[in-house]
Amino acid sequence: MGNGRLTTYSGMTTKIRAMKKGLISPEQYEEITRITSVTDLISYLQTFPAYSEVLLNMDAAQAHRGEVEGRMTFSTYRDFSKIYHFAGSSQKRYLEFYFMKYEIATIKACMRNIMDCRSTTIPILVDKHFKRHSKLDIDNLIASHTMEDFIENLNGSVYEKPMRKIMDLDNPRLFDFEMYLDLFFFNYIWTHQEHFVPKGEKKFFTNSFGAQVDLLNILWIYRMKHYYTVSYSQIYAFLIPIYYNLDRSAIKAFVESENDDVFFTLLNSCYYGRVYGFNDVDDMETQFAGILHEIYTKDFKEYPYSLACINAYLHLKSLEVAKVVTAMECIRYGYKPDAISHYINRKKGVL
């Protein structure tokens, strides 16, 4: 490790390690499993500094999953802001990659309110710091009543062009907008690495981002083949055209596999099967997310004074939100503590 990297990351790594200690502990998750109502869960979460303000003034008795998840996700952005404060110029450029995720989450929340009359989604909270950082006119986006107005309010942003392409389709659905936005995000980040990734640290980005793309592609192929009847061409249309540890021929073999047995043979013989292995107990999403979790934590352990510290912490924070939301749903349906613990522990990572 060079002295330059140590100097660059010392303050940030120290801050992130301190923030990591504030994440929900195994003992606190155990306490959560014994909570018997969503109201009591929210009251418990309000005792945590990370969630006290974002859950403030929330009517716990009327809270629904979308609102709680949105507010908790905003706490992830607040942690992002703390890290950003300790970042140097090159690290701030890298953090723009993560900020795009928050912008896209806000865009999706707004679109759900416009296109789905059943939606009770509350657009993810934004504050003056978010608005100052974003180039989007957030207030106008939230106030949009039609998709035409919404896309017009994206004028001049990197999201305008991909959204207009979807508007040109016959009767585009919310699913079309969200899926294309995800595809745009992965392509944009991958093709602009030189803008986001500091010199000499590319491996910390590609190790996680490239693996995430590979695993998402396999997962989407499996879901489309296992649960739906779709053509090969339709499957290819939904895939991210990025290849990291899987080449085009490997993706083609997955898409054109004859049945589940052939698919799982390919899975166990591909790079991820050889390196990480798969079992027949956990579902695929759980195992794939676990692989990403292992990549993040291993890189941070071996290279704490690098981009790996940012990747690992923001991943762990997102995992915490996913675990709490899972616990909330279990509590809502009256699950016993052992069952709640089981479902929380199944969350091994976030894709």
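**Entry 1: Ile138**

I started with Ile138, which is buried, with a relative accessible area of 3%. I kept in mind that this is a predicted model. I found Ile138 in helix H8, which covers residues 138–143. Next I asked myself which residues Ile138 touches once those up to four places away in sequence are not counted. My list came out as Thr106, Val126, Phe130 and Lys131. I also looked up a distance: Ile138 and Gln193 are 55 residues apart along the chain, and their C-alpha atoms are separated by 26 Å.

**Entry 2: two helices side by side**

I reminded myself that two packed helices are described by the angle between their axes and the distance between the axes. I then looked at helix H6 (residues 89–115) and helix H11 (residues 174–191), whose axes come within 10 Å. These axes cross at roughly 170 degrees. Angles over 145 degrees count as roughly antiparallel, and H6 and H11 are therefore roughly antiparallel to each other.

Which residues meet here? On the H6 side I noted Phe97, Met100, Lys101, Ile104, Ile107, Lys108, Met111, Arg112 and Met115. On the H11 side I noted Leu174, Phe177, Glu178, Leu181, Asp182, Phe184, Phe185, Tyr188 and Ile189. I sorted the residues of this contact by kind and got 13 nonpolar, five charged and no polar.

I stepped back to the loop between helix H10 (160–167) and H11, where Asn171 is found. Is Asn171 buried or exposed? Its relative accessibility is 71%, so I wrote it down as exposed. I also checked the backbone of Asn171: phi is near 50 degrees, a positive value in a residue other than glycine.

**Entry 3: the span of H5**

I turned to helix H5, residues 65–85, which has 21 residues. From its first C-alpha to its last, H5 reaches 31 Å, close to the 30 Å expected at 1.5 Å a residue. Then I asked which residues in H5 are buried. My list has Glu67, Val68, Gly70, Arg71, Met72, Phe74, Ser75, Thr76, Tyr77, Asp79, Phe80 and Ile83.

**Entry 4: two histidines**

I looked up His315 and found it in helix H19 (residues 307–332). With 5% relative accessibility, His315 counts as buried. What does the side chain of His315 make a polar contact with? The partner is the side chain of His293, at 3.1 Å. Leaving aside neighbours within four places in sequence, I listed His293, Tyr296, Gly349 and Val350 as the contacts of His315.

His342 came next, and I located it in helix H20, residues 337–346. At 44% relative accessibility, His342 counts as partly exposed. I also compared places in sequence and in space: His342 and Ile221 lie 121 residues apart in sequence and 27 Å apart from C-alpha to C-alpha.

**Entry 5: Asn268**

I ended with Asn268, in helix H16 (residues 260–269). Asn268 has 39% relative accessibility, so it goes down as partly exposed. Leaving aside neighbours within four places in sequence, Asn268 is in contact with Gly273, Arg274 and Phe278.

Terms used. Residues numbered from 1 in each chain as written. Predicted model: local features only at pLDDT ≥ 70, side-chain atom pairs only at ≥ 80, totals over all residues. Heavy atoms only, no water. Axes fitted to C-alpha atoms, helices over the stretch in contact; angles between N-to-C directions. Helix = DSSP H or I, 4+ residues; strand = E, 2+ residues; numbered from the N terminus. Parallel < 35°, antiparallel > 145°, perpendicular 65-115°, else oblique. Contact = heavy atoms within 4.5 Å. Nonpolar A, V, L, I, M, F, W, Y, C, P; charged D, E, K, R; others polar. Buried < 20%, exposed > 50% of the residue type's maximum accessible area, 1.4 Å probe, protein only. Polar contact = N/O pair within 3.5 Å; in protein donor to acceptor, adjacent residues only side chain to side chain. Expected span 1.5 Å × (residues − 1).
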